[in-house]
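Let's take a friendly walk through this model, looking at how its parts meet. Please keep the viewer open as you read.

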Amino acid sequence: MDKVNSTGSIQFRYIMLPEFILQDETISNGAKLLFGITVALSSREGYCFCTNSHLSGILRKSTRSITRLIGELKDRSYITVENAAAENGEIPERRIRPDISNPAVRSFLGWHRNFCQGGTDKTVSRRGDKTGGYNNINVLNHCCPINRTGTL
């Protein structure tokens with residue numbers, strides 16, 4: 001659902017997919033959507049820290065399917081996945097990043113950051129449970145504020 005902020009701007013929630021992702025016939029449509037979601041969720045921290053369970057809720061797919069989709073994106077060098085060191089004895093955090101070693105991804109991220117000069121929602125949620133249920137879904141709140149006339 002779109003939100004109207006105190007300045008009267010409508011904040012849309014959306015993801016952007018570059019043409020090279022849309023045209024890639026070697027990955028599934030689910031992987032294409034997952035790429036867009038991880039880029040959107042990476043805009044503040046530089047990485048997405050959602051669990052497979054959380055991503056499965058967004059895409060309405062099983063956690064096993066999310067694992068497969070992540071594998072598709074890793075195989076094509078669209079994303080990287082790493083486990084960060086645990087802080088204060090907490091569960092290690094998995095970080096999914098757009099793979100900037102891929103020139104097409106790096107170029108898209110440069111364009112995307114310039115396009116989204118409006119910034120991102122700063123209310124990143126790190127609520128977690130013993131299973132590592134962290135998420136930064138709140139970063140999806142907006143990319144560019146657009147006023148009621150539809151202009152930037």
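Predicted model: local features only at pLDDT ≥ 70, side-chain atom pairs only at ≥ 80, totals over all residues.

## Where H2 and H3 cross

The crossing of the two helices is right-handed.

If you zoom in on the contact, you will find Gly30, Leu33, Leu34 and Ile37 on the H2 side. Facing them from H3 are Leu55, Ile58 and Leu59. Sorted by class, the contact between H2 and H3 has six nonpolar residues, one polar residue and no charged ones. Ile58, which lies in helix H3, is worth a click: it counts as partly exposed because its relative accessibility is 30%. Between Ile58 and Ile37 there are 9.1 Å in space, C-alpha to C-alpha, with the two residues 21 apart in sequence.

## A glutamate in H4

Next, turn to helix H4, residues 63-75, where Glu72 is found. Is Glu72 buried or exposed? With a relative accessibility of 16%, Glu72 counts as buried, since buried means under 20%.

Which residues does Glu72 touch, leaving aside its neighbours within four places in sequence? The contacts of Glu72 are Thr26, Ile27, Ser28 and Ala31.

Most residues other than glycine have a negative phi. Arg60 lies in the loop between H3 and H4, and it counts as exposed because its relative accessibility is 72%.

Ser77 is another residue other than glycine with a positive phi, near 60 degrees. Ser77 lies in the loop between H4 and strand E3, residues 79-83. Its relative accessible area is 31%, so Ser77 is partly exposed.

## Salt bridges

How many salt bridges does the structure hold? There are four, and three of them can be described here, one by one. In one, the side chains of Asp24 and Arg76 meet at 2.9 Å, N to O. This pair links distant parts of the chain, 52 residues apart: Asp24 is in the loop between helix H1 (19-22) and H2, and Arg76 is in the loop between H4 and E3. Asp24 counts as buried because its relative accessibility is 6%, while Arg76, at 37%, counts as partly exposed.

Another salt bridge joins Glu82 and Arg97, whose closest N and O atoms are 3.3 Å apart. Because Glu82 lies in strand E3 and Arg97 in strand E4 (residues 94-98), the pair ties together parts that are 15 residues apart in sequence. Glu82, with a relative accessible area of 36%, is partly exposed. Arg97 also counts as partly exposed, at 25% relative accessibility. Finally, Glu93 forms a salt bridge with Arg95, and their closest N and O atoms lie 3.1 Å apart. Both Glu93 and Arg95 are buried.

Key
Residues numbered from 1 in each chain as written. Heavy atoms only, no water. Left-handed = near helix turned anticlockwise from the far one by under 90°. Helix = DSSP H or I, 4+ residues; strand = E, 2+ residues; numbered from the N terminus. Contact = heavy atoms within 4.5 Å. Nonpolar A, V, L, I, M, F, W, Y, C, P; charged D, E, K, R; others polar. Buried < 20%, exposed > 50% of the residue type's maximum accessible area, 1.4 Å probe, protein only.
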